[in-house]
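Visitor: Please show me the model, and then let me ask about the contact between its chains.

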Amino acid sequence: MAQALSPEPHSSARQSRPGWWRTARDFITSYPYLIPVLFFFVGWQLLPIVQSLRLSFTDDRFLDNQAPNWIGLDNYRTAIQQGLFWQGIKRALIFTAIFIPGMIFIPMIAAILVDRVTNNKVATVYRIILLIPSMIPAPLIFVLWVWMYDNYIGPINYFLVDRLGWFDLANAPLWLENNILIYFSIAFMEWWWGLGYHTMFFLAGLASIPRDLPDAARVDGAGEWRMFWGITIWRLLPIILVLTVVRFGSAMAVITEYIIMQGFDRNSSTYTWTMYMYDEAFRTGQQFRGYAAAIGWLGALFMLVVVAFLFYIFRSRD
Amino acid sequence: MIASHVTTQMTTGKPAETHHRKRRIKWGTVARHAVLILLCLWVLLPLAWVVLLSFKSKYDGARRYIWPENFIDPIFANYQYILSQPRAVGPVGAVTTNSITVTLLTVFFGTIAAVLGGYALVHLRTPGKVILTSFLVASMFFPTQVTALTGIFQIQQRLGFINTTWALMFPYVALQIAICVFIMRGVFQTVPQDLVDSAKVDGASSLRTLAGIIFPLVKNGIVVVVIVLFVFAWGEYLLALTLMNDASKRTLAVFVANSTGGVGALDWPRTAALYILAILPALVTFAIAQRWYMKGLQEGALKG
């Protein structure tokens with residue numbers, strides 16, 4: 001940050017002013033630019049976060065038309081004793097563990113391959129095609145894959161049953177109904193969706209490797225494999241670590257996928273803590289928003305602890 | 001490639017091995033393109049399947065086989081049906097207007113906020129830069145959309161924005177503002193501070209510097225921000241579903257996602273046609289802006 005501030009041209013004239021004056025001047029000249037950001041960020045990001053924290057200590061029920069009472073940590077106590085909550089955390093964790101490796105390594109491989117394509121036009125075509133899914137509205141991605149996985153009209157099972165003859169209609173894999181298979185089915189969809197976008201991150205990382213480094217290694221007789229483990233992977237490591245943390249955050253908090261693909265079925269593997277929160281807040285009973293907020297906060301705290309832990313181990317390895 | 005090839009020959013002095021190496025490199029190229037083409041097929045085939053479905057007749061659309069016995073006649077009939085009789089398939093017209101409104105508002109205000117904010121965080125003497133930046137970073141690791149959903153609902157409710165579609169832009173911009181500011185910050189950092197300072201010496205105000213000197217240099221980065229906001233707003237589901245009780249107040253993406261039963265007026269081929277129409281705007285935007293988008297990404301948008 002500090003190096004971004006270069007010496008002020010008329011510093012001698014400014015030095016006669018006291019320090020607070022300079023700060024006030026800087027404040028007046030810079031903060032108008034930040035008003036829009038602060039308006040949205042404070043109004044619809046910070047405020048909702050604080051608001052939901054406050055809710056989580058109350059017995060606020062949306063439909064009972066009564067003023068909420070402060071009940072302290074009761075909601076948290078109830079949630080922690082619920083098997084459903086912990087099951088929700090567990091399901092989210094299993095999905096995340098399946099999801100992250102493919103979301104990191106498939107794009108990494110794609111990027112390494114695209115990076116080596118010498119013809120610029122061909123390389124651009126690859127990039128554009130890979131980026132197409134990231135331009136499709138999220139819910140429509142999920143609709144598309146509901147079709148893909150469908151046992152009757154879905155093309156995947158059509159190939160497995162009618163073309164390859166590996167299964168018949170009775171024992172064909174039910175990609176979204178089987179409670180174990182569904183983790184992989186949804187993860188596979190997410191890889192499809194994120195492939196191009198994540199490839200771009202790795203391409204940016206690869207572009208920062210000085211060109212003479214691989215050339216020199218090649219002169220020394222290093223094969224592709226050794227070059228990857230010797231040079232490339234170390235240059236890409238920061239990206240891998242950042243993406244791991246970021247994708248951990250998004251995978252643990254997945255909800256739209258689950259709503260569209262499975263709905264609110266408590267027995268499905270997709271009924272994670274986010275679904276539990278939404279179910280309690282907007283669907284069931286008197287819409288117990290206070291309790292739902294507590295579930296949301298417990299989930300968020302759990303995630304933040306893991307993220308802090310990830311930062312800690314990644315930092316110590318640097 | 002050629003240079004290193006020659007060097008290898010010179011250092012080892014074994015032409016036979018060079019020949020061997022040459023052949024291996026060629027195999028590598030073949031394998032590389034084979035894998036990449038496979039990945040591209042993986043991306044394209046599901047979409048091609050939907051396009052094909054949108055041209056099928058009602059009968060073929062409900063069958064297992066992929067290639068239809070009969071295409072619908074005329075070939076664009078399913079699209080025509082959606083476009084000419086939107087009433088028959090529910091509030092398509094209304095939700096499309098809603099989507100356009102909220103997307104344009106989100107893109108407009110989000111881009112302005114991100115450009116001005118990124119500029120202030122890089123090129124101005126902004127007190128509290130570090131605190132602001134760390135708040136924005138922290139927000140990216142917090143599951144706001146889930147955990148604060150109850151809070152967002154309360155705030156919108158107090159402002160009277162439940163069932164007010166355009167007001168979705170407030171949480172939309174807020175949820176994307178951190179990432180957008182960071183994209184712009186990365187791009188602004190590629191603009192030398194000297195350029196900003198010399199403009200200041202020449203007596204240009206900071207706004208003038210931004211509009212006249214910096215803006216042309218960060219255009220590509222702005223394209224990236226526009227596309228990020230566009231894709232998000234056009235495809236957001238959870239908030240549009242939760243904050244709008246009335247189905248006709250929701251957005252096109254929610255409508256399409258919720259109307260896939262494959263029966264009645266919306267049989268599978270017509271649903272597929274609606275689907276293609278719903279994903280086209282973002283794809284067309286991308287196709288038009290693709291060149292600047294790629295440049296923007298390379299110019300530091302990904303450093304954020």
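The questions below turn to confidence and then to the contact between chains.

Guide: Residues are numbered from 1 along each chain as written, with chains lettered from A and ligands numbered from 1 in the order written. The model is predicted: local features need pLDDT of at least 70, side-chain atom pairs count only at pLDDT 80 or more, and totals for chains, interfaces and linings use all residues.

Visitor: Where in chain B is confidence lowest?

Guide: pLDDT is the predictor's confidence in each residue, from 0 to 100, and chain B averages 84. Residues 1-18 of chain B fall below 50. Where pLDDT is low, the predicted coordinates should not be read in detail. The lowest mean, 38, belongs to helix H1 (residues 2-12) of chain B.

Visitor: Which helix gives the most to the side of chain A that touches chain B?

Guide: Residues are in contact if their C-beta atoms, placed from the backbone, lie within 7 Å. The contact takes 81 residues from chain A and 81 residues from chain B. With 20 residues, the helix that gives the most on the side of chain A is H2 (residues 19-55).

Notes
Helices (H or I, at least four residues) and strands (E, at least two) are DSSP runs, numbered from the N terminus. Two residues are in contact if their C-beta atoms, placed from the backbone, lie within 7 Å.
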